[in-house]
Amino acid sequence: MILIGTDFSAGSLHAARIGLLLAQQTDSRVVLLHAFKAQSRTGMFMSMDRYIRQAAEQDMAEFVSRIDPELRPFIHETRVVRGYAEEVIMQWDEDQGVGLVVVGTQGSSAIKEIFMGRTANILLNKLNSPILAIPEEAVARTP
C-alpha cells in the first residue's frame with residue numbers, strides 16, 4: 001500500500017500524481033489521506049469539527065477530480081481524519097503496514113524546514129516506513 005498525504009495544494013497534487021504513477025507501475029493500492037485539526041472552543045467544537053470535515057471531504061473530491069483519469073483507478077480509498085498530519089500518518093503507518101508514504105514538500109519560515117516543509121521534515125525523522133518527499137518542481141520520470 002502507498003499512503004499519499006495531501007493538503008490539497010498544487011504541491012501535494014504533484015506528489016499524488018507521482019505516487020499514483022508508482023502505484024500504476026507496481027500494481028499497488030493507494031490511500032489518499034488528509035488530516036485536519038479543529039481547535040477546541042467549549043461548545044463550538046462539535047459544530048466546527050463537522051463543518052471542517054465536510055469542507056475537507058468536498059476538497060478531497062475536488063482534489064481527486066484533478067488527478068489524471070487513467071491514474072484514478074489506483075486510488076483504493078480516500079480518508080479525511082481529524083488530527084495533526086504527521087501524527088495521523090504515523091498512526092496509519094503503524095496500524096496498516098504501509099509500504100511507502102508519499103508527501104509533497106514546500107518551504108516554511110523555519111531555517112531547518114526551508115526546503116522540506118514541517119510535516120515532511122517530521123515524517124522523515126520519525127516514520128518507520130520509507131518516505132518519498134516530492135518537491136513541487138520535480139519531474140516525474142519512470143525509474
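Q: Which residue in β3 stands opposite alanine 35?
A: Valine 81 in β3 stands opposite alanine 35. Strands (E, at least two residues) and helices (H or I, at least four) are DSSP runs, numbered from the N terminus.

Q: What kind of model is this?
A: It is a predicted model, with residues numbered from 1 along each chain as its sequence is written. Local features need pLDDT of at least 70, side-chain atom pairs count only at pLDDT 80 or more, totals for chains, interfaces and linings use all residues, and side-chain values use heavy atoms, with hydrogens and water left out.

Q: What does the pLDDT average?
A: The average is 83, and 82% of the residues score at least 70. pLDDT is the predictor's confidence in each residue, from 0 to 100.

Q: Where is it below 50?
A: Over residues 107–116. Beyond near neighbours in sequence, that stretch has 16 contacts in the model, a contact being heavy atoms within 4.5 Å. Where pLDDT is low, the predicted coordinates should not be read in detail.

Q: Back to β2. How many of its residues are buried?
A: Seven of seven, across residues 30–36. Buried means under 20% relative accessible area, exposed over 50%, partly exposed in between (1.4 Å probe, protein chains only).

Q: Which residues sit on which side of β2?
A: Val30, Leu32, His34 and Phe36 are on one side; Val31, Leu33 and Ala35 are on the other.

Q: How many bridges join β1 to β2?
A: Four, and β1 (residues 2–5) runs parallel to β2. Isoleucine 4 has leucine 32 of β2 as its bridge partner. The chain goes from β1 through helix α1 (residues 10–26) to β2, a right-handed β-α-β crossover. Right-handed means that, with the strands pointing away from the viewer, the path from the first strand over the helix to the second runs clockwise.

Q: And β2 with β3, how many bridges?
A: Seven, in the parallel sense, with β3 at residues 75–82. Two strands pair if DSSP finds at least two bridges between them.

Q: What is the strand order in the sheet?
A: β3-β2-β1-β4-β5, open and parallel. β3 and β5 (131–134) are the edge strands. The twist averages 20° from one strand to the next.

Q: Which strands does α1 touch?
A: β1, β2, β3, β4 (100–104) and β5; its direction makes about 170° with that of β1. Helix α3 (residues 85–96) also packs on the sheet, at about 145° to β2. Axes are lines fitted to C-alpha atoms, for helices over the stretch in contact, and angles run from 0 to 180 degrees between N-to-C directions.
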